[in-house]
Every structure is written in C-alpha cells, then in structure tokens.
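Here is a short report on one predicted model. Keep the structure in view while reading.

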Amino acid sequence: MIRRKPIIAGNWKMNNTMEEAEKLVAHLLGLIEKRDREVVICPSFVCLSRTAELLKDHDVALGAQNMHYEDNGAFTGEVSPLFLKEVGVTYVILGHSERRHIFGEKDDLINKKVKATLKHDMNPIVCVGETLEERESNVTFEIIKNQVYGSLAGLEKEKMGKLVIAYEPVWAIGTGKTATKEDANEVIGYIRKLLAEKFGKEAGDKTRILYGGSVKPANIKELMDMEEIDGALVGGASLKAVEFSEIANYDITE
Ligand SMILES: O=C[C@H](O)COP(=O)(O)O
C-alpha cells in the first residue's frame, strides 16, 4: 500500500467575522495534536492576513478559497496570486462545486487558475464531483473524467507534486449525506487512474486526493482507512474547533 501524507483541510466558506476567526483559530491551535499529517485552514480573503499571524510558529497551513489567474490588472473584485503569496497562503481551493454551480466557473477557467497557483509555487486543491442527477444517470465517471482532464489540461509533469485533488460529490456537500466509503474510494481510485494515464504512474501514485462532503468526527476514520483516500476537505465541521480537531486528530490504522 502506498503511503501519502494525509491532509485535513477546513474550508470555512463565507463564514466567520474577524473576531469569530480569531476565537476559532486560538481554540483550534490548542487542540491539534498529530504531526504526521498536514492540517490546513481556509478562511475568507478578509481574514487571511490575521489568521496568518495567529498561525505563525504553528504547524497549521493557510489556504485560500479561490484566486484569479492573473498577477494584476483591471479585474475588479478579484484576488491575485501575489496577494495570497504575500500573506503566506500555501494552498488554494479551486473549482469548488459552489464556484462551479453558483458562480458558473468552467474547467477552462479553473485550468488557468491551477496553472497560476503552480507558477507561484502554491498547492492547488482542485475540486471535482458529480451532482445527484448525474450520479443517478450513471454518468459520474464521465463527469469526473471531463473535470479532471479539463481542469488539469497542459500541466507540466514536474509540477504535479504540488497538486491536490478533492473529490466532492455535490449531493454530499452540507447535506449530512456522505458517499459510502466504498463509493468515495472507487471514484478516487478512478481519478488516480486518470492521472496515471495522462501524467504518468508517479502522478497517479503520489498525488494526494481528498474526499469532501459531510465529513464529521464520526466518519473520518472509516474514510481514512480506505486505500485511495488521502484526506478530507471539511466544510461545516471546520467551523467548530472541537469537531475539526477531532477530525484532524483521527487515529491512523497501522
Ligand atoms: O469544501 C468543503 C465541502 O464543500 C464539504 O462541505 P461539508 O463538509 O459542509 O459537507
């Protein structure tokens, strides 16, 4: 079995004022125990700078929830990779289903953002996942293939080491419905196969692929015990220090 360093990432989405963020981070830092995995928190853009100060000297990485692909220019309301680098961001969530479905982001746009993230030496967390309608129509694998190949088109093999993928079935996000561990493992295994076909065996073997969708302290361990699953992208449960720390501190089965 190939061991990849697990990642537990918390996506706060559009939650937490500065004051709430400060309290949450302070509480969380006192609870995180394990050092054999990466823990990432992704606050709003507004809270990044303050969160970076609080995380200084702690083993928790800072992530952003989106990014523009240009360094600067007339892009009102957008955030440049340079701004993120400057405050210490090392992970950037891209193509989250809420960006795809609420804000209309398509794979070609996500692809530009992925390339910009890598150009600036940050780790993209590229999200893919099917809707309930797509799953029920038995087109999950086709959808995943299009999203993976579309959002990763033209990536240089040498940069694949920084890539992280998150498989998030849209129907499992914020609904309390988790994909079964077997289903999640199967789709993630399929993503690994796609990576190997396109970018070589090493990319398939080494890329960390996370599961996201109603991850909780009660289901993290069974998900992490699956061979293909390398971590979790956590939404709702990342807003509570105790819950998120219990997820981040899950026990690894040797
Ligand atoms: O980015 C996180 C995912 O959308 C999962 O959210 P959730 O844990 O609230 O289902």
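Glu 186 lies in helix α8. Helices (H or I, at least four residues) and strands (E, at least two) are DSSP runs, numbered from the N terminus. With 15 other C-beta atoms within 10 Å, Glu 186 is partly exposed. A residue is buried if 20 or more other C-beta atoms lie within 10 Å of its own, exposed if 12 or fewer, and partly exposed in between; C-beta atoms are placed from the backbone. Glu 186 and Met 226 are 40 residues apart in sequence, and 9.7 Å separates them C-alpha to C-alpha.

This is a predicted model: local features need pLDDT of at least 70, side-chain atom pairs count only at pLDDT 80 or more, and totals for chains, interfaces and linings use all residues. Residues are numbered from 1 along each chain as its sequence is written.

**Helix packing**

Two packed helices are described by the angle between their axes and the distance between the axes. Axes are lines fitted to C-alpha atoms, for helices over the stretch in contact, and angles run from 0 to 180 degrees between N-to-C directions.

Helix α8 packs with α7 (residues 140-151) at an angle of about 45°, with the axes 10 Å apart. That makes α7 oblique to α8. Angles under 35 degrees count as roughly parallel, over 145 as roughly antiparallel, 65 to 115 as roughly perpendicular and the rest as oblique. The crossing of α7 and α8 is right-handed. A crossing is right-handed if the near helix is turned clockwise from the far one by less than a right angle, and left-handed if anticlockwise.

From α7, the residues in contact are Thr 140, Phe 141, Ile 144, Lys 145, Val 148 and Tyr 149; from α8, they are Val 187, Tyr 190, Ile 191, Leu 194 and Lys 198. Contact means that two C-beta atoms, placed from the backbone, lie within 7 Å. By class, this α7 with α8 contact has eight nonpolar, one polar and two charged residues. Ala, Val, Leu, Ile, Met, Phe, Trp, Tyr, Cys and Pro count as nonpolar, Asp, Glu, Lys and Arg as charged, and the others, Gly among them, as polar.

Helices α1 (residues 18-29) and α11 (residues 241-248) also pack, at about 40° and with axes 9 Å apart. That makes α1 oblique to α11. Their crossing is right-handed. Leu 24, His 27 and Leu 28 of α1 meet Ala 241, Phe 244 and Ser 245 of α11. The contact of α1 with α11 divides into four nonpolar, two polar and no charged residues.

**Annotated sites**

Where does UniProt place the feature "active site"? The unreviewed entry gives His 96 and Glu 168. UniProt positions are given in the numbering used here, feature names are shortened, and annotations may be inferred rather than shown by experiment. The two residues are spread over 73 residues of sequence, yet they cluster in space, with a largest C-alpha distance of 8.4 Å.

His 96 sits in the loop between β4 (91-94) and α4 (97-101). Beyond four places in sequence, His 96 contacts Gln 65 and Cys 127. Glu 168 occupies the loop between β6 (164-167) and α8 (181-199). Leaving aside neighbours within four places in sequence, its contacts include Ser 97, Cys 127 and Leu 233.

The "binding site" feature in the unreviewed UniProt entry covers Asn 11, Trp 12, Lys 13, Gly 174, Ser 214, Gly 235 and Gly 236. These span 226 residues in sequence, yet no two of their C-alpha atoms are more than 13.9 Å apart, so they gather at one spot.

Gly 174 is in the loop between β6 and α8. Not counting residues up to four places away in sequence, Gly 174 touches Gly 235 and Gly 236. Ser 214 is in the loop between β7 (208-212) and α10 (217-224). With the same exclusion of residues up to four places away, the contacts of Ser 214 are Ala 172, Thr 175, Gly 176, Lys 177 and Thr 178.

| Residue | Other C-beta atoms within 10 Å | Class |
|---|---|---|
| Glu 168 | 28 C-beta atoms | buried |
| Gly 174 | 12 C-beta atoms | exposed |
| Ser 214 | 20 C-beta atoms | buried |
| Asn 138 | 8 C-beta atoms | exposed |

**Backbone**

Most residues other than glycine have a negative phi. Ser 214 has a positive phi, near 55°. Asn 138, not a glycine, has a positive phi of about 60°. Asn 138 lies in the loop between α6 (132-136) and α7.
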